[in-house]
Amino acid sequence: VTLTRSGAMTLAFGSPCSNVLIDGVSIFNPAVGNTDGIDIGCDGAVIQNTTVVNGDDSICMKRGAKNVLVTNCSVFNGDPFPGSQFRGLAGGLVLGTSDDDSMSNIT
């Protein structure tokens, strides 16, 4: 599965959710705005064999993220948005952007 040019968060799984599997997904977003690749707030998730190219949080743990495994994933800065000269500053694996302490067992 390939997802491209999202205007905002590309894949978002908020609480309550459980037993999420993201496997073999490719995300290509420009380096602009809130183009998060994957946002997870689930109890029980595996993210594997996935590539995220963007300019924001690449794989981001949100409020309620528990028992999450991230393996064999790659993240890269996205291409400049048309009219911009600067590449994005993608954050690889991001923890706690929701200022919440309910996350646990993230590996």
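Which residues does Val1 touch, not counting residues up to four places away in sequence? In this predicted model, the partners of Val1 are Gly24, Val25 and Ser26.

**The chain overall**
- The protein chain has 12 strands and zero helices.
- Of the 107 residues in the protein chain, 38% are buried.
- Looking at contacts with a separation of 6 or more, 60% are between residues 24 or more positions apart.
- The protein chain has an accessible surface of about 5600 Å², and carbon and sulfur atoms account for 51% of that area.

**A parallel sheet**
- Strands S1, S4, S7 and S10 form an open sheet, in the order S1-S4-S7-S10, with parallel pairing.
- At the edges sit S1 and strand S10 (74–77), each of which pairs on one side only.
- Neighbouring strands of this sheet are turned against each other by 10° on average, direction ignored.
- Four bridges link strand S7 (residues 51–54) to S10, in the parallel sense.
- For a place to look in the structure, take Asn54, whose bridge partner in S10 is Asn77.

- Val1 lies in the segment before strand S1 (2–4).
- With a relative accessible area of 69%, Val1 is exposed, because the cut-off for that class is over 50%.
- From Val1 to Ile22 the C-alpha to C-alpha distance is 10.0 Å, and the two are 21 residues apart in sequence.

**Ile22, in strand S3**
- Ile22 belongs to strand S3 (residues 18–23).
- Is Ile22 buried or exposed? Its relative accessibility is 3%, so Ile22 counts as buried, the limit being under 20%.
- Not counting residues up to four places away in sequence, Ile22 touches Leu11, Phe13, Ile38, Ile40, Val46, Ile47, Gln48 and Thr50.
- One of these partners, Leu11, is 11 residues from Ile22 in sequence, with 9.7 Å between their C-alpha atoms.

**Side by side**
- Val1 is exposed, whereas Ile22 is buried.
- Val1 precedes strand S1, while Ile22 is within strand S3.

Terms used
Residues are numbered from 1 along each chain as its sequence is written. This is a predicted model: local features need pLDDT of at least 70, side-chain atom pairs count only at pLDDT 80 or more; totals for chains, interfaces and linings use all residues. Side-chain values use heavy atoms; hydrogens and water are left out. Helices (H or I, at least four residues) and strands (E, at least two) are DSSP runs, numbered from the N terminus. Buried means under 20% relative accessible area, exposed over 50%, partly exposed in between (1.4 Å probe, protein chains only). Contact means heavy atoms within 4.5 Å. Two strands pair if DSSP finds at least two bridges between them. Axes are lines fitted to C-alpha atoms, for helices over the stretch in contact, and angles run from 0 to 180 degrees between N-to-C directions. Accessible areas come from the Shrake-Rupley method with a 1.4 Å probe; for residues, only the protein chains shown count as cover.
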